[in-house]
Amino acid sequence: SASNQNGGRSGARSLSPSPVSDDLQKIDVNPPKGTRDFPPEDMRLRNWLFHNFQEVSRLFGFEEVDFPVLESEALFIRKAGEEIRDQLYCFEDRGNRRVALRPELTPSLARLVIQKGKSVSLPLKWFAVGQCWRYERMTRGRRREHYQWNMDIIGVPAVTAEAELISSIITFFKRIGITASDVGFRISSRKVLQEVLRCHSIPEHLFGKVCVIIDKIEKLPLDVIKNDLKSAGMSEAAIEELLRVLSIKSLTELEEILGGAGEAVADLKLLFSLAEKFGYSDWIQFDASVVRGLAYYTGIVFECFDRDGKLRAICGGGRYDQLLSTFGGDDIPACGFGFGDAVILELLKEKGLLPPLNHQVENIVCALDHNLQGAASMVATTLRGKGQSVDLVLESKPLKWVFKRAARINAQRLILVGTTEWQKGMVGVKILSSGEQYEIKLDKLE
Ligand SMILES: CC(=O)Nc1cnc2ccccc2c1
């Protein structure tokens, strides 16, 4: 039946109040505090970055997984005084459930592994790229969300897993033009701390909390660190020994202090020898002061830093052999890393390595007469059927407008549908880079 544009409701529509008139105030067009929109130029850069994350994950044989951004708050409640806990974006939902926007991906991954149980065979090599959230008082003006690339190997106790993960990150860096003179990895093992704490018979349950305190050693004054360690239950002697061990800068020295029998030294020696075989020795260094700020790491920990020292850690990770069992799962070893989308872009900007990305379209199709709009749609559909991208001009516009739009969208070709040509089943083609112009039968167009 003939109906007007809006389905015959025009009469009714003009009578009902327009939504804006209810209250004249304009909505805030900016995104919520600490969050970002991704307009096309930013989305192109994000897609380029994520494509590289995904390509490297593919090269390493990892499978992609994803989880809800909303999780039970319980997944992230750890009593080790972590910053990530203080800033949890949590709330009570309409069903009175305590929920949180995930601040990281690893707990969700652990949850899914446990949920899958025996139905998956180990080892698992899973990756995810997901948005993570924190709620910070905007006093610090920092972002409340970022995207993280995570790679995890579940079910491999040997440090061959950590060596593989570090290799994947270096593969990523090489793909985007970052070299070993731009960044490096500081590597240590929390088993170093563990052995010191055991020597001073510090109870195991303090381990996570001590690590979280130590992780702040570069950010807080030493006496504050010492006080926190004391109130965490460490003796003066234990604190002194711990701080001394943390200042060790070589594996040889570490072996002298801890002896060659411990797992810490053995793990690190094996990791560094594997690095040699992978060919990335000049990307890594031992640094006993690296602990990372997440309570659940139990072994090797690493973080990537920019050698100019201008930026925060680019990425970080480590072994978390107890996380699954703390969630009630089996005692399954695991290790992984998180790689945020913010610092890496700052580094690429610094290095002049941001890729030039612009919007491209192969064809812009335009009817030269409003009676040929249908014909133009057929031409667009034919080209799209051949895998060609088409920006179809949807209203009758002066040619000047069409050329301007063609330039703005970086069209390679202008396809003109004119009456005389169309009667011969032909269209006009203009190659916009060369200006070359010709007519062609539609089915010859590709
Ligand atoms: C540099 C940056 O944006 N960091 C950042 C931003 N948002 C987050 C959100 C959750 C957890 C960590 C986060 C870290």
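Which residues form a nonpolar patch on the surface? Select Val69, Leu70 and Phe91. Together they have about 220 Å² of accessible area. Keep in mind throughout that this is a predicted model.

**Stop 1: leucine 70.** Stay on the patch and pick out Leu70, one of its members. Leucine 70 sits in strand E2, residues 70-72. Its relative accessible area is 39%, so leucine 70 is partly exposed.

**Stop 2: asparagine 96.** Go to the loop between strand E3 (89-92) and strand E4 (98-101), where asparagine 96 is placed. Check its backbone: phi is near 60°, a positive value in a residue other than glycine. Asparagine 96 counts as exposed because its relative accessibility is 57%.

**Stop 3: asparagine 52.** Select helix H3, residues 40-59, and find asparagine 52 within it. Buried or exposed? Asparagine 52 is buried, because its relative accessibility is 5%, below the 20% cut-off. Now show side chains. That of asparagine 52 makes a polar contact with the side chain of arginine 175, at 2.9 Å. Leaving aside residues up to four places away in sequence, asparagine 52 touches Phe172, Arg175 and Ile176.

**Stop 4: proline 123.** Move to the loop between helix H5 (106-116) and strand E5 (124-133), which holds proline 123. Look at the peptide bond from leucine 122 to proline 123. This bond is cis, with omega near 0°.

**Stop 5: asparagine 410.** Finish in the loop between helix H16 (399-408) and strand E14 (411-417), where asparagine 410 is found. Asparagine 410 has a positive phi, near 60°, and is not a glycine. At 28% relative accessibility, asparagine 410 counts as partly exposed.

Terms used. Residues are numbered from 1 along each chain as its sequence is written. This is a predicted model: local features need pLDDT of at least 70, side-chain atom pairs count only at pLDDT 80 or more; totals for chains, interfaces and linings use all residues. Side-chain values use heavy atoms; hydrogens and water are left out. Helices (H or I, at least four residues) and strands (E, at least two) are DSSP runs, numbered from the N terminus. Buried means under 20% relative accessible area, exposed over 50%, partly exposed in between (1.4 Å probe, protein chains only). A polar contact is a pair of N or O atoms within 3.5 Å; within protein, one must be able to donate a hydrogen and the other to accept it, and residues adjacent in sequence count only if both atoms are side-chain atoms. Contact means heavy atoms within 4.5 Å. Patches are made of residues with over 30% relative accessible area and no salt bridge: like charges are joined within 9 Å, nonpolar side chains (Val, Leu, Ile, Met, Phe, Trp, Tyr) within 5 Å. Accessible areas come from the Shrake-Rupley method with a 1.4 Å probe; for residues, only the protein chains shown count as cover. A salt bridge is a side-chain nitrogen of Lys or Arg within 4 Å of a carboxyl oxygen of Asp or Glu.
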